[in-house]
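Take your time at each stop before going on.

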Amino acid sequence: MQHNQGQLLLIRSQRIQRPIKTIGEKREQTTTEVLNKMFPEQQRQDKNISQAKEILGDLSKELSPEQLNTLIADVSVLVEYWLDDYELEILKGQTLLEFLNQKGSL
């Protein structure tokens with residue numbers, strides 16, 4: 001299949017050339033797209049790191065990716081604990097899931 005130079009796009013992250021999708025033509029999935037479908041948790045982790053960097057601002061520059069991941073995990077555990085504690089207080093000793101199951105909502 002012949003492609004003119006205008007139809008080729010350099011995908012820098014993969015350092016390969018692929019034809020640009022034209023109308024009516026199926027586009028092959030890139031390696032990144034395939035990997036993202038196989039390992040969606042990686043996208044979530046990347047998004048979490050990006051959000052943490054945005055929230056922390058300049059402080060995030062002082063932390064390694066491993067430290068950011070640890071910080072994200074620690075904060076997530078604390079938030080879950082606080083939410084469970086709040087639910088137990090508000091719903092008289094039940095979590096929201098237990099409350100909804102008891103009411104037949106789930």
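The stops below begin with the whole chain and then turn to single parts of it.

Start by selecting the whole protein chain, which is a predicted model, and colour it by secondary structure to find four helices and two strands, arranged along the sequence in the pattern β-β-α-α-α-α. Buried residues make up 11% of the 106 residues in this chain, and its accessible surface comes to about 9300 Å², of which 56% belongs to carbon and sulfur atoms. Among contacts between residues at least 6 apart in sequence, 4% join residues at least 24 apart.

Next, colour the chain by pLDDT, for which the mean is 76, with 72% of the residues reaching 70 or more. Select residues 1-17, where pLDDT stays under 50, and then strand 1 (residues 8-11), where confidence is lowest, at a mean of 38. For contrast, go to helix 3 (residues 65-90), where confidence is highest, at 92.

Now select helix 2 (residues 40-56), whose 17 residues reach 25 Å from the first C-alpha to the last, close to the 24 Å expected at 1.5 Å a residue. Just after helix 2 comes glycine 57, which takes a positive phi of about 60°.

For the last stop, show the side chains of aspartate 58 and lysine 61: what joins them? They meet in a salt bridge, with 3.4 Å from N to O, and the count of salt bridges comes to one. Side chains of opposite charge can pair when their charged atoms come close. Aspartate 58 is exposed, and lysine 61 is exposed as well.

Definitions and conventions
Residues are numbered from 1 along each chain as its sequence is written. This is a predicted model: local features need pLDDT of at least 70, side-chain atom pairs count only at pLDDT 80 or more; totals for chains, interfaces and linings use all residues. Side-chain values use heavy atoms; hydrogens and water are left out. A salt bridge is a side-chain nitrogen of Lys or Arg within 4 Å of a carboxyl oxygen of Asp or Glu. Buried means under 20% relative accessible area, exposed over 50%, partly exposed in between (1.4 Å probe, protein chains only). pLDDT is the predictor's confidence in each residue, from 0 to 100. Contact means heavy atoms within 4.5 Å. The expected span of a helix is 1.5 Å times one less than its number of residues. Accessible areas come from the Shrake-Rupley method with a 1.4 Å probe; for residues, only the protein chains shown count as cover.
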